[in-house]
Amino acid sequence: MADLTTDFLGIKSPNPFWLASAPPTDKEYNVRRAFEAGWGGVVWKTLGEEGPPVVNVNGPRYGAIWGADRRLLGLNNIELITDRDLYTNLEEITRVKRDYPDRAVIVSIMVPCDEESWKAILPLVEETGADGIELNFGCPHGMSERGMGSAVGQVPEYIQMVAEWCKKYYSKPVIVKLTPNITDITKPATAAKLGGADAVSLINTINSITAVDLDCMAPEPTIDGKGSHGGYCGPAVKPIALSMVSEIARNPATHGLPISGIGGVTTWRDAAEYMALGCGNVQVCTAAMTYGFKVVEEMCSGLSSWMDEKGYTSTADFIGMAVPNVTDWQHLNLNYISKARISQDDCIKCGRCFAACEDTSHQAISMSEDRVFEVIDAECVACNLCVNVCPVEGCITMERLEPGTTDPRTGRKVEADYANWTTHPNNPGAVTAAE
Amino acid sequence: MTVNHYADGVKPARLTGEEIAANFTDMHAPLGDHEASVAADRCYFCHDAPCITACPTAIDIPLFIRQIQGGKPADAGQTILGQNILGGMCARVCPTETLCEEACVRNAAEGEPVEIGRLQRYGTDRVMAGNTHPFSRAEPTGKRIAVVGAGPAGLACAHRLAMKGHEVTLYEARKKPGGLNEYGIAAYKSVENFAAREVDWLMGIGGITLKTGHKLGETITLAELQDGYDAVFLGIGLAGVNRPGLPGETLDNCDDAVDFIDRLRQSDDLAALPVGRDVVVVGGGMTAVDAAVQARKLGAETVSMVYRRDRAAMGASDYEVDYAAQQGVRVVTNAAPSAVNGDAGVTDITFERTKSGPSGLATTGETITLKADQVFMAIGQRLDGVPDGLELDGRKIAVSGPGRTSLKGVWAGGDCTPGEDLTVVAVAEGRDAAEDIHSTLMEG
């Protein structure tokens, strides 16, 4: 079994699976159970400033969307930061870290955006012996109305400023947690780096309304007839998070900045994908909230056996390997020409490929009287929609046309050389390739 | 009442009332909301779906399943019933394994079709649970139509004619409407008096006058109906029962399976219904299965269903035969009855072994004798009481197009006409004949 030991910012953990700052990490009881279950680390649920703690709503805090068999696909929450006393949390953190020295314990913090507030709390956190801090600049609900959370994360200058304060008043690693509720994720990531942050973690939750109750005409979850947007997480958000992670990983201004990946990690494969895009580890919440802490066993065994299959002996072997393959559209090879191929042996004759192509795409699939579906190469643009709607995995595949053959759609010979939009004759801004 | 579990002869109360009640519960429990959601999710919403083609009434199955997915089962029911007004019964009795579910592409994918029949029941049950009839009548046409036979074909025809604004008189020979749905289908497929409830619901359209106790050729004649109505539809089914003509077949307790099923369906107290300890059913169709299974469910110790040809030639579907075997029915093939033996009542029945040869079925010379204190003959029904003047096609009423007989103004459909003898086929024929009657009458 491959070794899953991870070193993130010098913080060692037995595996790359950390629990994200959220209800599962709100108190000692849960965190001890998580460590016993095998989690590599936790980011303790966000601490606020000293004084009377925040209060939560007393109605539903979560909303969800499901598949037909109630598989939870997306979760939305309106819970605030910890509503327990600051010193209670600090004492518990101290005890837990003392008892689990091999696990990562990170403390999430959200205090008002002024230097005094940060200067006050950071020494208290330092005393716990925790391995680092994560700045909650992400929560999009409740706290943001008070100028914290995503209200800070949406202003790169604030991020840089607070990161600087943290580096000034705290000696251990500082991770900035980013909100996805922003147009260009590289801006706040750059600000974090400029402020001296050691890493970024992303994504925090996405502004969301999961459903509308059509009887009382209110968003869900509904509290006394009203609803508020919440933060969306779970498997549904993973594609958004992967894209944001990749942008930070490949952007010259932030390339190399350590990333902790968050968003819908449910199985080992999700983690491997985040790590391939440059994340040093991942944080998990919804999967644990849906199935309990035991899910980490599958994550560890799956990641380890996949690494064995691939010959990776350490997570460092594959972290970031996919980053060089993330590019801009304009650099994609326009001479790469493929066609859909339908395996008649695997086809179950449902006709979904036909309906999709005929009604909504390129009329490139024919249907015979006896329900044989075939690709019309002269029309197929290789869009892949038929592959995506086919219920049989592997039944429809994309086959590359060999260079030298003729594409029946265009009548042109398939070129062997790479060529992209930047040099395409239809591009008014095309430039001649350098000799 | 004492329980006569192992008593010889034909006896009531072979099981306790509780045991019998448990045996005759719904063959397929209705789907709950979540089950229906999961089952519906398996539908691929195929283009030009094969299941629609496979349904004799051409129900838009992918659409109704999508309506269930969308949380609107009553809309699904409306889609079903618009094509097949007896969609509730068809959901219970259709051999879906040889119709829609056989065509389901999930069979090719993984060998398990979408549960179309159960989903259909889920949708239709929801409509029938409502207090209002979901279809309305067109403006009155002033036309009067006689429908003979209140079985599936007649009911479907009458309903569609009533919808079109015609006045329908529905004649039925028996005491109750429903035809085979009421008298001929196994009790465990139509529990809680469903057949009667469905007819009541169907009649909610209005414009249909039901007259029971009127048998064609006895209290009414075709000529009178032709004179008195603008059109006539005959859905008279197959009233005659075939008999093999065996020595001893008139002995006591050698009965027609259809009579046994009829008695069972009309019984208020199944524990009071006598059944043999050792029962032999002769035949290989659905009626044979229904009789054999129900004899077991009443507590017969051994039940054998004996068919003269091989397994593949059986009229009953694989699913039905497997169900019979699962219920403890011994299925014997390639054995043709040669004599029913006994003194006053049946004691055993002798069969000759057969094999299929180039010149048809031949006996091998081997005989087998099965102990039997009750024998049911289930070798088919035949047309009986056809009015003079109607041309026949083989042993059925000849029709062209949507049920037009050789007599002008007379249509026919259901089991009395050629085609498969299935409830769903009868519904399709009754419906289509009604459409043709309507367009014929409204043209002139």
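B:W201 sits in helix α12 (residues 194-203) of chain B, where helices are DSSP runs of H or I with at least four residues, strands are E runs of at least two, and both are numbered from the N terminus. The model is predicted, so local features need pLDDT of at least 70 and side-chain atom pairs count only at pLDDT 80 or more, while totals for chains, interfaces and linings use all residues. Residues are numbered from 1 along each chain as its sequence is written, with chains lettered from A and ligands numbered from 1 in the order in which they are written.

With 19 other C-beta atoms within 10 Å, B:W201 comes out as partly exposed; the scheme calls a residue buried if 20 or more other C-beta atoms lie within 10 Å of its own, exposed if 12 or fewer, and partly exposed in between, with C-beta atoms placed from the backbone. Setting aside neighbours within four places in sequence, B:W201 is in contact with B:M128 and B:H133, contact being C-beta atoms, placed from the backbone, that lie within 7 Å. B:A372 is 171 residues away along the chain from B:W201, and their C-alpha atoms are separated by 42 Å.

Zooming out, chain B holds 17 helices and 19 strands. Its radius of gyration, 23 Å, is close to the 22 Å that the globule rule gives for 444 residues, so chain B is as compact as a globular protein of that length. That radius is taken over C-alpha atoms, and the rule is 2.2 Å times the number of residues to the power 0.38. Along the principal axes, the C-alpha atoms of chain B fill a box of roughly 65 × 55 × 55 Å. Buried residues account for 49% of the 444 residues in chain B. As for contacts in chain B between residues at least 6 apart in sequence, 71% join residues at least 24 apart.

Chain B is split into domain 1 (33-129), domain 2 (144-239 + 383-443) and domain 3 (241-381), with bounds from an automatic or database domain assignment. The centres of domain 1 and domain 2 of chain B, taken over C-alpha atoms, are 26 Å apart. Between these two, twelve residues of domain 1 of chain B are in contact with 18 residues of domain 2 of chain B. On the domain 1 side, helix α6 (residues 87-93) of chain B supplies the largest share, five residues. That side of domain 1 of chain B has eight nonpolar, three polar and one charged residues; here Ala, Val, Leu, Ile, Met, Phe, Trp, Tyr, Cys and Pro count as nonpolar, Asp, Glu, Lys and Arg as charged, and the others, Gly among them, as polar.

Now for the sheets. One open sheet of chain B has five strands in the order β4-β3-β2-β5-β19, with parallel pairing; two strands pair if DSSP finds at least two bridges between them. Its edges are β4 (208-212) and β19 (410-412) of chain B, each pairing on one side only. Neighbouring strands of this sheet are turned by 20 degrees against each other on average, direction ignored. Within the sheet, strands β2 (residues 144-148) and β5 (residues 231-234) of chain B run parallel and are joined by four bridges. B:V148 stands opposite B:L234 in β5(B).

Strands β9 (residues 278-282) and β15 (residues 374-377) of chain B pair in the parallel sense over four bridges, and the bridge partner of B:V281 in β15(B) is B:F376. Axes are lines fitted to C-alpha atoms, for helices over the stretch in contact, and angles run from 0 to 180 degrees between N-to-C directions.

Over in chain A, A:R103 lies in the loop between α2 (86-99) and β7 (104-109) of chain A. A:R103 counts as buried because 23 C-beta neighbours fall inside 10 Å. Not counting residues up to four places away in sequence, A:R103 touches A:S13, A:F35, A:G40 and A:G41. The contact between the chains takes eleven residues from chain A and ten residues from chain B. The chain A side divides into seven nonpolar, one polar and three charged residues.
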